[in-house]
Protein chains: 2
Amino acid sequence: MQPVDDAARQLARRLIRGARHGALAVLRPADGFPAASRVLLASDFTGRPILLVSGLSLHAKALANDTRCSLLVGETGKGDPLAHPRLTVFAEARFIPPEDHSREGLRERFLARHQKSALYADFPDFRFGVLEPLGAALNGGFARAFELTADDLLDETLEGLEAAALRARDHMNADHGDAVDMIASRHVGETKTGWRIATLDRTGFEIVRGDTLHRIEFPGGPVAAGGYRDVFVELVRQEDPSKNATD
Amino acid sequence: MQPVDDAARQLARRLIRGARHGALAVLRPADGFPAASRVLLASDFTGRPILLVSGLSLHAKALANDTRCSLLVGETGKGDPLAHPRLTVFAEARFIPPEDHSREGLRERFLARHQKSALYADFPDFRFGVLEPLGAALNGGFARAFELTADDLLDETLEGLEAAALRARDHMNADHGDAVDMIASRHVGETKTGWRIATLDRTGFEIVRGDTLHRIEFPGGPVAAGGYRDVFVELVRQEDPSKNATD
């Protein structure tokens, strides 16, 4: 284990924010067997993973019986699968009742990046779930292991910042689609057009186009109140900020 | 749940055989929390997953304390992550002591597809592990769910067949590299040369080149004693057998 530094915290947060899916481990109700299955993922404004699960699924039944779970995120790609960073988040799962005031915001964030899930998200047996992190194990590649706390994973927020982020996103998507495409081109090398911002948080945002998603971090660190406009102006202006981009 | 048929069995076996890595869920020794982490994978001749783990890892300590685990295999790719088939194998893990007679064969199969693991496979704290399947949950995409038994996952073998498979592989790689490249081209569309057969079993084989691996099924079903020669002759001869190929 190595001492946790800002680079480790940022990598862990990026892995959660950028994950379209992950492996969720739960306890099988009948016998307590550990059970891993694939789930689609989003994150709330502070960085808690969001799930959408059918009450008929094994993992929903398991979490209704015992809320303890872990979530493995971080995709492999070319080369050795163990050379790619990954994170195991240990968490307690909390299902959101249909009438809960927080449901609409979670639903919005989830469907912004999984548009096809709108087909079944409102079925009576489906629930959004939030994973409340308790800690995490980060493996950044060979011999780069870190043990993180919940505080290492979550962003602090500011009064009114989440609403400001939503307005900034809607404004960018509605009135500055060309700027979003320019960001996609300059920051993650995507040359096609038609990108839109799916979700924003204090330290970055995700752009989507069909089934492709990229996470982009704000180069200047966490946004202050009222700071989204300046951040996007800067991102569009930057010529070669590739070292701040992740995919 | 749908009734298990041969297509479901074949898909499940292909997912195990073709997996270079997977998510392993175990029980954290301190508190029984379910813990998911990434592991490299191979399979033994009958289809049991093989792991190589450091005794210092959380999953090794967990399995030493409680052998129950599950393994999620089946990679995503383009498009909706939930549209790609995946399999959760419930299993008991068994570590292989250094002096065990079966270790050399498992080591051979594992290193044939993870060559870089030779760097640490023989370190004193590393052990090969075999997962003895108890059953599995197959998700073949939306609304295609199956519950399988251990028998559904494992191939029956024949006396002497494993040794014959090893000889067939070594002969193909040593004397017919051009035929292996031709199979790579015709069956999985790989145009580069330098492919070699990593592991063979009764129903198919894996070819590797660097960090790329493809599973290819034998078009005629399980091989009979002494049948490997005919199977490879047929595979090289076939012009367009793409419907038998998987990657």
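What follows is a chat about a predicted model with chains A and B.

Me: How much area is buried between chain A and chain B, and how much of it comes from carbon and sulfur?
Reply: About 3,100 Å² is buried between the two chains, with carbon and sulfur atoms giving 65%. A:F33, A:P34 and A:R38 supply 23% of what chain A buries against chain B, more than any other three residues.

Me: How many residues does each chain put into the contact?
Reply: Chain A gives 39 residues and chain B gives 39 residues.

Me: How many salt bridges and polar contacts are there between chain A and chain B?
Reply: The salt bridge count between chain A and chain B is zero. Polar contacts between the chains number 13 residue pairs, both residues being at pLDDT 80 or more.

Me: Which elements of chain A give two or more residues to that side?
Reply: They are β1 (21-27), β2 (34-40), β5 (68-73) and β6 (86-96) of chain A. The largest share, six residues, comes from β2(A).

Me: How do the residues on that side of chain A divide into nonpolar, polar and charged?
Reply: There are 20 nonpolar, nine polar and 10 charged residues on the side of chain A that touches chain B.

Me: Take A:A36. Where does it sit, and is it buried or exposed?
Reply: A:A36 is in strand β2 of chain A. Its relative accessibility is 2%, so A:A36 counts as buried.

Me: What is A:A36 in contact with, leaving aside neighbours within four places in sequence?
Reply: From chain A, A:L24 and A:A25; from chain B, B:A23, B:A25, B:S70, B:L72 and B:T88.

Me: And how far apart are A:A36 and A:P49?
Reply: They are 13 residues apart in sequence and 16 Å apart in space, C-alpha to C-alpha.

Me: Switching to helix α1 of chain A. What span should it have, and what are its end C-alpha atoms doing?
Reply: Helix α1 (residues 6-17) has 12 residues, so at 1.5 Å a residue it should span 16 Å; the end C-alpha atoms are 16 Å apart, which agrees.

Me: Which residues of α1(A) are buried?
Reply: A:A8, A:L11, A:A12, A:L15, A:I16 and A:R17 are buried.

Me: A:R17 also comes up with A:D155, so what does A:D155 touch?
Reply: Not counting residues up to four places away in sequence, A:D155 touches A:R13, A:R17, A:F45, A:T46, A:D201 and A:T203. Its side chain makes a polar contact with the side chain of A:R13 at 2.5 Å.

Me: Where is A:D155, and is it buried or exposed?
Reply: A:D155 is in the loop between α4 (150-153) and α5 (161-175) of chain A. At 9% relative accessibility, A:D155 counts as buried.

Me: Which residues are in the salt bridge network with A:D155?
Reply: The network links A:R13, A:R17, A:R113, A:D155, A:D201, A:E206, A:R215 and A:E217.

Me: How many salt bridges are there over all chains?
Reply: The structure holds 42. One of them joins the side chains of B:D152 and B:R9, 2.8 Å from N to O. B:D152 is in helix α4 and B:R9 in helix α1 of chain B, 143 residues apart.

Me: Are those two buried or exposed?
Reply: B:D152 counts as buried at 10% relative accessibility. B:R9 is partly exposed, at 24%.

Me: What about B:D211: which residue does it form a salt bridge with?
Reply: B:K116, with the closest N and O atoms 3.2 Å apart. B:D211 lies in the loop between β10 and β11 of chain B and B:K116 in the loop between α3 and β7, so the pair ties together parts 95 residues apart in sequence.

Conventions. Residues numbered from 1 in each chain as written. Chains lettered and ligands numbered in written order. Predicted model: local features only at pLDDT ≥ 70, side-chain atom pairs only at ≥ 80, totals over all residues. Heavy atoms only, no water. Helix = DSSP H or I, 4+ residues; strand = E, 2+ residues; numbered from the N terminus. Expected span 1.5 Å × (residues − 1). Buried < 20%, exposed > 50% of the residue type's maximum accessible area, 1.4 Å probe, protein only. Contact = heavy atoms within 4.5 Å. Buried area = accessible area lost by both parts, 1.4 Å probe. Salt bridge = Lys/Arg side-chain N within 4 Å of Asp/Glu carboxyl O. Polar contact = N/O pair within 3.5 Å; in protein donor to acceptor, adjacent residues only side chain to side chain. Nonpolar A, V, L, I, M, F, W, Y, C, P; charged D, E, K, R; others polar.
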